[in-house]
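I opened the model today and kept notes as I went. The entries are in the order of my look-ups.

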Amino acid sequence: MRLKELAAHLDLSITTVSRALAGYSDVSEETRRRVREAADAFGYVPNQMGRMLVSGRSNFVGMLLPIHPHELVDPYLADFLAGLAGGLTQRGRDLFLATVPTGQDDLAVLQRVVESRRADAVVLYRLTCEDPRVAFLIERGVPFVAHGRTLAGTDAYSWLDTDGEGAFHDLGRKLVALGHRHFAMLAPTKDFTYAFLRRRGFERALAEAGLPPPDVLTVPLGDAAAMARAAAQLINRDPRPTAVIGLKDQLALAVLDEARREGIAVPQALTVVGFDDTPVAAYADPPLTTFSQNIAEGAAMIAAMVIERLEKGEAGIAGHLVEPRFVPRASHGPAPAGAT
């Protein structure tokens, strides 16, 4: 069946059917549903090349995907991709992943994606404090939505971020109130903005209590051996910290594993807290206290923001700061008796 025949069957214009299949918001949800159901029933498959030629759009949204061995084991990434792809599909778009092999630069891959016009818009995943990809896309006029922020101004682009700074400020105050005075932190090596802000919020809470900043070690995310070594190094300090904060769950879980190997009771002798509430956190030994930011839900929201940016142009630029939810489980508690 051709598009013309599908339109005639539905008693709709060809333009309306085409825009319904593409997920445009100026077509009612009921009409989009009717068109999708009829297209499925008759086995209609849009001619993607023809649609690109007519509309100038590919209906793909691009995202860079690192294929470094350590990056691929991040459980957060899997949930994020599922939420993003699902949200785009519901709106008539598809997710296009551009791989970034080991040794290649993110910006170089992004330039190829933009210059090839394979994607109508881009999702930037995990921004760094001074992310060159942001400046590049703004300069080239490419619509994009960022997962996170840079430390510079955010008025020129759309972004969604979680208020990790506020969450970790509250966490610092909670742990101080529980009698903790010696803190350590496990952080990613790369200068992700989320890590900078979470650390800043926690350090601000300690400073307000008249306490020194935590002892911080950095480690490549996902490198199990490196994370284990760093965790062991932290919990064997003399004096041992009474609380170790992982800026992500996988870092905190590495601390729990090492504490168990060393025979250190959690939370009686050591408090451990993470961030992300990845599925494994609830089944750790003991279950990990963490923060939930509704990963898949946030990614679906980014999908909606991408469409908003595409359809409204610069008028669709928006920023959203989401408050995470504290998830108290069994890995945190009062400072050990005698700790000062």
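My notes cover a helix pair, the nonpolar cores, a lysine and the aromatic rings.

**Ground rules.** I am working with a predicted model, where local features need pLDDT of at least 70, side-chain atom pairs count only at pLDDT 80 or more, and totals for chains, interfaces and linings use all residues. Residues are numbered from 1 along each chain as its sequence is written, and side-chain values use heavy atoms, with hydrogens and water left out.

**Helix pair.** I took helices (H or I, at least four residues) and strands (E, at least two) as DSSP runs, numbered from the N terminus. I looked up α1 (residues 3-10) and α2 (residues 14-21): their axes come within 9 Å and cross at roughly 100 degrees. Axes here are lines fitted to C-alpha atoms, over the stretch in contact for helices, with angles from 0 to 180 degrees between N-to-C directions. That makes α1 roughly perpendicular to α2 (65 to 115 degrees; under 35 is roughly parallel, over 145 roughly antiparallel, the rest oblique). I then listed the contacts (heavy atoms within 4.5 Å): L3, K4, L6, A7 and L10 of α1 meet I14, V17, S18 and L21 of α2.

**Cores.** A nonpolar core is a set of buried Ala, Val, Leu, Ile, Met, Phe, Trp, Tyr and Cys residues joined through side-chain atoms within 4.5 Å. Buried means under 20% relative accessible area, exposed over 50%, partly exposed in between (1.4 Å probe, protein chains only). The largest core has 47 residues, and F168, F202 and L270 touch the most other members. Among the elements that each supply at least two residues are α8 (164-177), α9 (193-208) and β7 (215-219). Helix α11 gives the most, with seven residues. Apart from this core lies another of 22 residues, including Y76, F80, L81 and L160.

**K248.** I found K248 in the loop between β8 and α11. K248 is buried, at 3% relative accessibility. Leaving aside neighbours within four places in sequence, its contacts include D74, Y76, R126 and D276.

**Rings.** My search of the whole structure gave 12 aromatic pairs. Rings of Phe, Tyr and Trp (its six-membered ring) pair if their centres lie within 6.5 Å; planes under 30 degrees apart are stacked, over 60 edge-to-face, the rest tilted. F291 and F326 have ring centres 5.2 Å apart and planes at 50 degrees, so the pair is tilted. F291 sits in β10 (residues 290-292) and F326 in β12 (residues 325-327), 35 residues apart. F291 is buried at 4%, whereas F326 is partly exposed at 21%. Ring pairs link F168, F183, F202, F275, F291 and F326 into a cluster.
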